[in-house]
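Colleague: Could you take me through this model, please? I have not looked at it before.

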Amino acid sequence: MLIDTLHLLLTGYIQESSTYSLPFEKRTAWLIAAVMILLIIGSLIGKLLERSSEERLNSAVVRSFNQRIRSWWLMCAILIAGLVIGQAGTVVLFGMIAFWALREFITMTPTRRGDHRALFWVLIIFTPMQFVLVGLNDDGKIFKFLLPIIAALFVPMRIALANDEKRYLERSAKILIGILICVYALSFAPALLYLEIFDSAGKPWSTGDALSANKGLLFFFVLITQLNDVMQFGWGKLIGRNLIADRINTSRTVEGVIAAAASSALLGALFSWVTPFTFWQSAIIAVVISLTGFAGGITMSAIKRDRGVKDFGTLLQGHAGILDRIDSLCFAAPVFYLITEFFFTG
Amino acid sequence: MQLTSRLLVAAAKIISGYTVRWKDSMPDNCQRIYFANHTSHLDALVLWAGLPPHLRQLTRPVAAKDYWEKGWLRRHVASAFNALLIDRREVKVHQSPVDLMIREMDDKYSLIIFPEGSRNNKEEMSRFKSGLYYLAKKRPDLELVPVYLDNMNRILPRGEVLPVPLLSNITIGAPIWLEQGESKQQFLSRARQSIIRLRDDEE
């Protein structure tokens, strides 16, 4: 009931003020406003917890909560900046994030001297090229082919040229997993901005200049993945009993994942007014985001366990550890893109 | 020159993504010898850039003349970070590198040196050359500060021209001095050990 009224109010408002020119749509502005309010509340709670943490609460949890809030402010600022600059700006910003994430990934995985030139190709040529291709937005969507085909064949070849056979397969695999997760998968997030979307009734949804409604959809996607991360952690702490893979990760529980998926469904439905999806579609898609986000988290945990680090942030002191924040985003982005492209582009 | 130095610091930060950790020591403008493991041409630049700005002006990396005097760009870069260039091939009696360093240090500058001599491409550090010992002997007032540079060999290894911009760590440890009655070999191996300890602590 409440949702419907809100939706009615909002759509009425949007139609009324359609001449108003923002770099993004009115409903995106509403979403951003809502996120800002949430973040302000979160920051205040963090401050309060910090003050009262000495006696009652686990200060490590409070610290990580505050860290998370801070990195969300940063993420939010980046997203908004990207949205204001335009599609190309968003693509560039995501490209920089991917570059930094891959840098963390490769720093953590040992490579040999012979991999140097292959790594140069990967970091300096393929990574930027991937995002250039996303931004060029040709109809054939060539960005979908560069890394999984061209780079995946090129990298093992380049390592072979270096004339060092020790642990050859392992070294090739490390670099390929790195570009697959950090660069290729993540590039599907900004690629959302270029889809010409139709809603489930078959009406064109991406309106305005340069498909500006899509910016709201991207924001929605990032919001759900991030909230889902926290809810998985939170529900796991509250009601979690059964660990999913205790040797990989000691905080992900069956109960946490299920409860988080349910809460994500609710959130997805709540925010369906910013998407081309109906109320129920939005809820289902949020569940998919939640589960793929979990897949990203657990995969990254396994990689970290293998390397014996707890999180990428502690790998190098003072660095925020971008990879820790975007692991779920990386896994959810291609799936979310695929669903949107398959069912909602007419 | 100020502009070039700033650009250099920015470039060093972008290429090597270093983080600096002062472990059991603090930035100080007393005269010091920073001695570090050497695996890459970037070592001197990155360690220098990793120091706080006021110390950067007082710290001079000691570098090989044959490398840094080749070409306009390298010369310009070397003078921007105030490098003290040493000729490795022509060591004269009254112009030994140690005398030159002591003279150039005056009572103002600190130095960055790499006691392994040339860049090392093996896993373990090579043995230290004796320059550090003679510096310690002639100037017992200097603080000898061990520095461990991590990952530089992956960013720009020996024999490569193009760097791969990974992330690196600079760990700066507690100063050591030449002990009373300590032999050259003892001292040099202790100095080498102090860097190895920084590396092991990190892992």
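Colleague: Which residue is the bridge partner of Arg60(B) in strand 5 of chain B?

Modeller: In this predicted model, Arg60(B) has Leu111(B) of strand 5 of chain B as its bridge partner. Strands here are DSSP runs of E with at least two residues, helices are runs of H or I with at least four residues, and both are numbered from the N terminus.

Colleague: How many bridges join strand 3 of chain B to strand 5 of chain B?

Modeller: Strand 3 of chain B, residues 59-64, is joined to strand 5 of chain B by 3 bridges, and the two run parallel. Two strands pair if DSSP finds at least two bridges between them.

Colleague: And how does strand 2 of chain B run relative to strand 5 of chain B, parallel or antiparallel?

Modeller: Strand 2 of chain B, residues 32-36, runs parallel to strand 5 of chain B, with 3 bridges joining them. There, Phe35(B) has Ile113(B) as its bridge partner.

Colleague: Which residues of strand 5 of chain B are buried on each side?

Modeller: Strand 5 of chain B spans residues 110-113, with buried Ser110(B) and Ile112(B) on one side and buried Leu111(B) and Ile113(B) on the other. A residue is buried if 20 or more other C-beta atoms, placed from the backbone, lie within 10 Å of its own, exposed if 12 or fewer do, and partly exposed in between. In a regular strand the side chains alternate between the two faces of the sheet.

Colleague: What does chain B come to as a whole?

Modeller: Its secondary structure comes to 9 helices and 7 strands. Of the 203 residues of chain B, 41% count as buried.

Colleague: Where in chain B is confidence lowest, and where is it highest?

Modeller: Confidence is lowest in helix 4 of chain B (residues 65-68), at a mean of 84, and highest in strand 2 of chain B, at 95. The chain B average is a pLDDT of 88, and 96% of the residues score at least 70. The pLDDT is the predictor's confidence in each residue, from 0 to 100. The model scores ipTM 0.85 and pTM 0.86.

Colleague: How many residues does each chain give to the contact between them?

Modeller: Chain B gives 13 residues and chain A gives 14 residues. The chain B side has 6 nonpolar, 4 polar and 3 charged residues. Two residues are in contact if their C-beta atoms, placed from the backbone, lie within 7 Å. Ala, Val, Leu, Ile, Met, Phe, Trp, Tyr, Cys and Pro count as nonpolar, Asp, Glu, Lys and Arg as charged, and the others, Gly among them, as polar.

Colleague: Turning to chain A, why does Ile322(A) count as buried?

Modeller: Ile322(A) is buried because 24 other C-beta atoms lie within 10 Å. Ile322(A) lies in helix 12 of chain A, residues 322-344. Leaving aside neighbours within four places in sequence, Ile322(A) is in contact with Ile97(A), Trp100(A), Ala101(A) and Glu104(A).

Terms used
Residues are numbered from 1 along each chain as its sequence is written. Chains are lettered from A and ligands numbered from 1 in the order in which they are written. This is a predicted model: local features need pLDDT of at least 70, side-chain atom pairs count only at pLDDT 80 or more; totals for chains, interfaces and linings use all residues.
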